[in-house]
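I opened the notebook on a new model today.

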Number of protein chains: 2
Amino acid sequence: MAEKSIADELADKHKSISIAEFFEKNRHLLGFDSKIKAMLTCVKEAVDNSLDACEEYATELRKKKKDFELPDILVRIDQESEEVYKIIVEDNGPGIIPKIIPQVFAKLLYGSKFHRLKQGRGQQGIGISASILYGQLTTGKAARIISKVDGKPAHIVELMIDIKKNDASITRDEEYAKFSREHGTRVEIILEGTYRASGDKSIYEYLLRTSIVNPHAKIVFIDPKGERITFKRAVESLPQATKEIKPHPWGLELGVLIRMLKETKKNTVLSFLTDEFSKMGATTAKSILDNSKVNHKRKPDSVTVEESTDILKHMQKADLQRPPTDCLSPVGRGAIEKSLRTEYNPEFIAATTRPPNVYRGYPFQVEAALAYGGNIPETSAKIMRIANKVPLLYESGACAITIGVNETDWKRYGVPKASGTTTPQAPMIILVHICSVWVPFTSESKAAIANYPVIIKEIKLALQECARQLKVFLHKKMKAKREAQRVSTFVKYGTVMAKALSDLTSKDKKEIEDLINTVIEKKFSVNVDEQKKEIEKREKQLEEEEEKETKTILKEAEGEEK
Amino acid sequence: MAEKSIADELADKHKSISIAEFFEKNRHLLGFDSKIKAMLTCVKEAVDNSLDACEEYATELRKKKKDFELPDILVRIDQESEEVYKIIVEDNGPGIIPKIIPQVFAKLLYGSKFHRLKQGRGQQGIGISASILYGQLTTGKAARIISKVDGKPAHIVELMIDIKKNDASITRDEEYAKFSREHGTRVEIILEGTYRASGDKSIYEYLLRTSIVNPHAKIVFIDPKGERITFKRAVESLPQATKEIKPHPWGLELGVLIRMLKETKKNTVLSFLTDEFSKMGATTAKSILDNSKVNHKRKPDSVTVEESTDILKHMQKADLQRPPTDCLSPVGRGAIEKSLRTEYNPEFIAATTRPPNVYRGYPFQVEAALAYGGNIPETSAKIMRIANKVPLLYESGACAITIGVNETDWKRYGVPKASGTTTPQAPMIILVHICSVWVPFTSESKAAIANYPVIIKEIKLALQECARQLKVFLHKKMKAKREAQRVSTFVKYGTVMAKALSDLTSKDKKEIEDLINTVIEKKFSVNVDEQKKEIEKREKQLEEEEEKETKTILKEAEGEEK
């Protein structure tokens, strides 16, 4: 029958999609939707990995009471042809053993950070492979990785990604004598891109902000012109190490609990509860099981879905401590202020670090800073969004930080907003840093933070703390401004009314006007004639703008016909 | 050596992440970040699939000159317990043959729409499996699928997703006698959720908007209270069928070309070029190869990367026609107006369908409509974002449509904006529909459209076409308003000035004030006393608001100490 064959025809069209194929077609999900953004994303992914590697290495060495180095990172961009660039990022991290280089760089969804609960820059095992994927997609060129483990020979690997298999196809793999560092990794990716030397979304701006929130890192940037910019260290100490934590019952999901019960190596459900969750003592665990009528000695994998549901309910009702926060590493109020002062020398600065909070069982912490005046440009406020010490430059519209900023009633704190915009108009920098063991990004490009209400609340509270201090500072400026406005209204009105009155009375217009002006000059101690010139100037401007707009509208109308 | 062991320790921590595991942890990427949104997303994914299936089925039958039915969809939501709901979506589509049900519903990245270039609602092969994943994650319950192919017995399948394997684990699979339809599919998912009966992000609103842009579909909605709402058909005809197209050389990427060359079954690079791309004639193909110095008879898989780069360059320089647009199916200006009229009976309505355009080689088309007044509430404008006939309710901030709306200078068209917001303040509906063979969404949740400049440009042009018509309509209203404002200024300062003048002159205050009022009443023909009452009322309100805000600030300050 025809119907039958239709259902079968449709069935035949179904097939699996490889994750690499999926992201190749959806590369904008990974931050590769424009040539400018693609270059930034590639640098960002490489630098994130380098900083993570350097910090982990230094921390391990410190634990072992050995000498360690602070992060020392080189970013170099060579122009190969008109729109083709080679991006080179090199670090003094531990290096990567040759065996795993292919997966680390040429397999999407492969990494060391996904399954652990610990603050880090990378977390998905996608970024660097995605950058290599984009490089080969746009230039057909293989990526090159050179890596050296201390005391071992360096290795060079050249590879591409086999899209259908989501795995490496290796074109070169051998020892390499010319690597200059004792240990570390160098990545070279050739890609199609557009380079911007400056601007809010430039690589320079990204590295600048990175150094602001990573004052312990030295970053050297060599741009396509060969110019060398060094972002020096502001502090000489390694940030406090972050500890990995176990999942906390708050926000634990039933499906996850069920899977943990199946996968655990513990013999009893009691030891499972006490050993595999944070802040879960034996007494609490026992009462949870008793309330759920589950025997303490039950084998975890024998627990039914209904019993798991009960256990979860009581786990979440149980009166537990918040998750530990030694898994978090904020930049710190002092360090942020120091960085911003050195960079912008503002008239006013206020910073704050909120106490940690929890979303879906994940600890997180918000820091904010407001800097006003000084070298900060007179345009609308510059918002610096930071997540786990990584600056976010794109997709601000979707970001919890932007929402937090926009939902803050800046007018109330004396900061004006240009009509038609939601960001404050002032020579101001608004810096918000959120750190967490698991930052919920709105997409794999990790450009914006998902809008969890508790996160937005923390952001707003942090901003309000700073804004209240700013309000005091701005109070005077505002008062003066209001006064000026009142004057101009009177001046303006005075003329009109003088005319009206002289029309009605026999009195001479000039006389009345002088009278009025005396009132005003007495009241506000200003010179009326100057005021009038001012006002005329302003009104002339408005008229001109009006005209210009009408012209633009007409132009558009024509434009469309084309 | 310690260093060595550190690099090895770090290496040992690396492992693969299953795509199901990835999305379980990143469920917000799929639209499951809140309980309200999760329910909507689940309904949306199921309804999208149903509409696609019904339309494909009807189109195939029509091709075969057989009777066909228009989409007839049932959406039912049962409340199982306080925050647990069962979502049921049933259609009169072709049904799914039992063999592929497990992958279709329990394997992420599996589907029929990813590899084709044709306008459709689904495109990723993620949505429905993700909904089932969320259901089991929050309730531990299996999903149920009942499907019947015409002339065959119905089948019932109950399954869950094996997270590590990203594949189905089936708990029930047998014939099923009780399915009421001749053909179609029924999906039942039990999940944790929060139900909202109304509001911009409610399931009701989603179904309403769906019916507005799918006037050929009948949708019956049975809500948790058992209330039955029917969205009737506005038209009785099937939309024009969309054709699948081949990739167009514009926006073709080198990596894709290289892969196509490796995978093609064609024997010569010439036949490859002519047969596997749209709008590519033999003459053009030949000149492209000649310009790239590649022999027409070369085996496609023998072409080198450098040669491919050349070929691509010349393909994109070649003077080709735009991609065919019979792959697109806009709603149509008439149909949109009709739907909006029936729903809101507005004072004014304007709609437009732009000519198709192209981004990254994908054809797309923008439609827009403005409806003003009537039953549209007096709040800020309601923006209806639609992609391939699917309403988008979330992540508006990140969406190209929102940007297009915000970048439109509404003031210029006589529509005011509330200060501090970018959306126009008016009893207005702004509907924008973008259809494409591949809609670039900002995340897998398909809630927002990526910000490709050419797409934003088309959106703005469409809105401007409608806005210019609106401007004319609004002109009168605005004029009246401005007049009123001028009056109040005069009235307000009349009193102040009268006092000032009487202080300086011997004249009696009352006398002067009357004089002034006469001026005003003559000039504007209004009653000054009424005007004054008006003004006092407004100013009182402002004062009260001031006070309230100060209180709120203080409260906040306390709130933080807690």
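How many salt bridges does the structure hold over all chains? I counted 75, taking a salt bridge as a side-chain nitrogen of Lys or Arg within 4 Å of a carboxyl oxygen of Asp or Glu.

Ground rules first. This is a predicted model, where local features need pLDDT of at least 70, side-chain atom pairs count only at pLDDT 80 or more, and totals for chains, interfaces and linings use all residues. Residues are numbered from 1 along each chain as its sequence is written, chains are lettered from A and ligands numbered from 1 in written order, and side-chain values use heavy atoms, with hydrogens and water left out.

**Entry: a bridge inside chain A.** I looked up A:Lys63 and found A:Glu60 as a salt-bridge partner, with the closest N and O atoms 3.0 Å apart. The two sit 3 residues apart in helix H3 (residues 35-63) of chain A, so about one helical turn separates A:Lys63 from A:Glu60. Helices here are DSSP runs of H or I with at least four residues, strands are E runs of at least two, and both are numbered from the N terminus.

**Entry: the interface.** I asked for contacts, meaning heavy atoms within 4.5 Å. Chain A gives 112 residues and chain B gives 112 residues. The buried area is about 10,300 Å², 64% of it on carbon and sulfur atoms. That is the accessible area (1.4 Å probe) that the two parts lose on being put together, summed over both.

I then checked for salt bridges across the interface and got 7. A:Glu24 with B:Arg259 forms a salt bridge, the closest N and O atoms lying 2.9 Å apart. Helix H13 (residues 453-504) of chain A supplies the largest share of the side that touches chain B, 12 residues.

**Entry: symmetry.** I laid chain A on chain B and got an RMSD of 0.2 Å, with a turn of 180° and a shift of 0.0 Å along the axis. That is the relation of a two-fold axis.

**Entry: strands.** Two strands pair if DSSP finds at least two bridges between them. In chain B, S6 (residues 154-162) and S7 (residues 167-176) pair antiparallel over 9 bridges. B:Glu158 stands opposite B:Arg172 in S7(B).

Key: Copies are superposed by least squares on the C-alpha atoms of residues with pLDDT of at least 70 in both.
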